[in-house]
Amino acid sequence: MNKDSKVYLIGSGIASLASAVYLEKDTGVAAENIIILEKDQITGGALDGAGDSDKGFVVRGGRMHEMHYECYWELLSHIPSLEDPEVSVRDESYEFNERFISKGQARLLKDGKKIDVSSYGLSLAQEADFLKLTFVSEASLGNDRIEDWFDEAFFETNFWYIWTSMFAFQKWSSLAEMRRYMKRFIHLVDGLYELGGVMRTKYNQYDSVVRPMRKYLEAKGVKFEMEREVVDIDFDISTELKTATALQMKDGSEITLGENDFVFFTNGSITESTDNGTWNTPAKLKGIAESASWKLWKTIAEKDPAFGNPSPFCDDIDLQKWYSFTATMKDSTFHDYMENFSGNVDGTGGLVTMTDSNWLMSIVIARQPHFPNQPKDVKIFWGYGLYPDKEVHPMYDSAHNPRYLAAALKAISR
Ligand SMILES: Cc1cc2nc3c(=O)[nH]c(=O)nc-3n(C[C@H](O)[C@H](O)[C@H](O)COP(=O)(O)OP(=O)(O)OC[C@H]3O[C@@H](n4cnc5c(N)ncnc54)[C@H](O)[C@@H]3O)c2cc1C
């Protein structure tokens, strides 16, 4: 790589934004030669957040971070906050987390009441299964699912409800993946029952992370090309080297790659092909045909086995899909009830999981405002269901139905 190299980053999620920051800062590539090609009109990929109090606010997810996201905090230490450019996004977030410390007091609910989570409820045999999983090799687990490893009763323990709702694992998710998470977050296990150690950004991640990063990068000269989908990558393939020679774009154009040019592609995406529903229109279940990232990965995987096999990650949408929703409320009734009921002021409680909802629904009341343009009297919360194909429990009815809120309010005021 030299100063004349051109670097193309496919997609504008945090992976590409982070790459652009370090390419510009550390490699000597001219900022103007770093080009982010994004298929959407908006930057940030999974880190989205949009709306207003009339149309409603939407976030597809809320990110939990922790102290040892070393690379993430290092990255954000270089990015000035939008509200106070003298302060980095890292320091803004640290300061926010000193004021609002995660300590969930209503982590699990059943029949509208809090469950005592002071014990994880694991039997000795289940604890042993758990420990054994950390000691065996990943390779020995093959394609096993979580439900292949643990007994049936494990899935009714406090531990499982806390774990599954925190990391969005379904019973049939990959056991190897669960093992990776266990190893990655083992230091949090003592406080896991109250989400101890979880850190958040001041606002949703689009406003707190993506917008400041884009501003920083554009000021340096990095180019963002929006609505530019890459549909194929041409390669010169020999036994030793696979060299990208051109990018084929959806609009029929081609970007030729020189000898010193580079391409970075984040293959696959958790939010690829998602759809937004409204109060009156359900979200559509989209497939690979509507995706860009999976399709591109599949296309290049056909050219050489070295490009991997996307199928296990994207072919079985029914096993991997879930719903999330954002509620925008024009008064604070629900938030006030939840504050009284849980003992958590907003921004300190994190996930509240309704263990008897068939969707296995959780909600999170982030610190308000969660959007910089959110008026004081408008409140939002986010939630999700892990098993959306199951019929909704009558008590929870539908998240899109006002009766759901009425039932929830009735339950929590008992
Ligand atoms: C609901 C939810 C909750 C989450 N919670 C947490 C959490 O608590 N903690 C945590 O650490 N992580 C969490 N994550 C995960 C985290 O948000 C993602 O891992 C991360 O944002 C992924 O970033 P990325 O850049 O790899 O990909 P993405 O954000 O998926 O970005 C990919 C981008 O590439 C674009 N693109 C794809 N293909 C093409 C193409 N062919 N041409 C042009 N553009 C293309 C897409 O439009 C998109 O903008 C959560 C994710 C979700 C969805």
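Ser 293 touches Phe 265, Thr 266, Asn 267, Gly 268, Ser 269 and Glu 272, with residues up to four places away in sequence left out of the count; contact here means heavy atoms within 4.5 Å. The residue is found in helix H9, where helices (H or I, at least four residues) and strands (E, at least two) are DSSP runs numbered from the N terminus. Ser 293 is buried, with a relative accessible area of 9%; buried denotes under 20% relative accessible area, exposed over 50%, and partly exposed the range in between (1.4 Å probe, protein chains only).

The model is predicted, so that local features require pLDDT of at least 70 and side-chain atom pairs count only at pLDDT 80 or more, while totals for chains, interfaces and linings use all residues. Residues are numbered from 1 along each chain as its sequence is written, and side-chain values use heavy atoms, with hydrogens and water left out.

The ligand is surrounded by 32 residues, and the closest are Glu 38, Ala 46, Met 64, Tyr 69 and Ser 269; a residue is assigned to these surroundings if one of its heavy atoms lies within 4 Å of the molecule. The shell divides into 13 nonpolar, 11 polar and eight charged residues. In this classification Ala, Val, Leu, Ile, Met, Phe, Trp, Tyr, Cys and Pro count as nonpolar, Asp, Glu, Lys and Arg as charged, and the others, Gly among them, as polar. A nitrogen atom of the ligand is placed 2.9 Å from a polar backbone atom of Val 230. An oxygen atom of the ligand is 3.4 Å from a polar backbone atom of Gly 45, and an oxygen atom of the ligand is 3.4 Å from an N or O atom in the side chain of Asp 40. Taken alone, the ligand exposes 1000 Å², of which the protein buries 83%; accessible areas come from the Shrake-Rupley method with a 1.4 Å probe, and for residues only the protein chains shown count as cover. Two or more residues of the shell are given by each of helix H1 (14-26), strand E2 (34-38) and helix H9 (293-301).

Helix H8 comprises 16 residues (residues 205-220), which at 1.5 Å a residue should span 22 Å, and the end C-alpha atoms are 22 Å apart, in agreement. The expected span is 1.5 Å times one less than the number of residues in the helix. H8 is followed by Gly 221, whose phi is positive, near 115°. The buried residues of H8 are Gln 205, Tyr 206, Asp 207, Ser 208, Val 209, Val 210, Pro 212, Met 213, Tyr 216 and Leu 217. Their cover includes H1, helix H2 (70-76), helix H3 (89-99) and strand E7 (223-226).

Helix H6 (residues 158-167) is mostly covered, and 10 of its 10 residues are buried. Ala 168, which follows H6, has a positive phi, near 60°. Ser 165 lies in helix H6 and counts as buried because its relative accessibility is 2%. Without residues up to four places away in sequence, the listed contacts of Ser 165 include Arg 107, Leu 351, Thr 353, Ser 362 and Tyr 384. The side chain of Ser 165 makes a polar contact with the side chain of Arg 107 (2.7 Å); a polar contact is a pair of N or O atoms within 3.5 Å, and within protein one must be able to donate a hydrogen and the other to accept it, while residues adjacent in sequence count only if both atoms are side-chain atoms. The side chain of Ser 165 also reaches the backbone oxygen of Ile 162 at 3.3 Å. The C-alpha atoms of Ser 165 and Ile 36 are separated by 34 Å, and the two residues are 129 residues apart along the chain.

Several loop residues show particular backbone geometry. Asp 111 is not a glycine, yet has a positive phi of about 50°; Asp 111 is found in the loop between strand E5 (108-110) and strand E6 (113-114) and is partly exposed, with a relative accessible area of 39%. Leu 195, likewise not a glycine, has a positive phi of about 60°. Leu 195 lies in the loop between helix H7 (175-185) and H8 and is buried, with a relative accessible area of 1%. A cis peptide bond, with omega about 0°, joins Gln 368 and Pro 369. Pro 369 is placed in the loop between strand E14 (361-364) and strand E15 (379-385).
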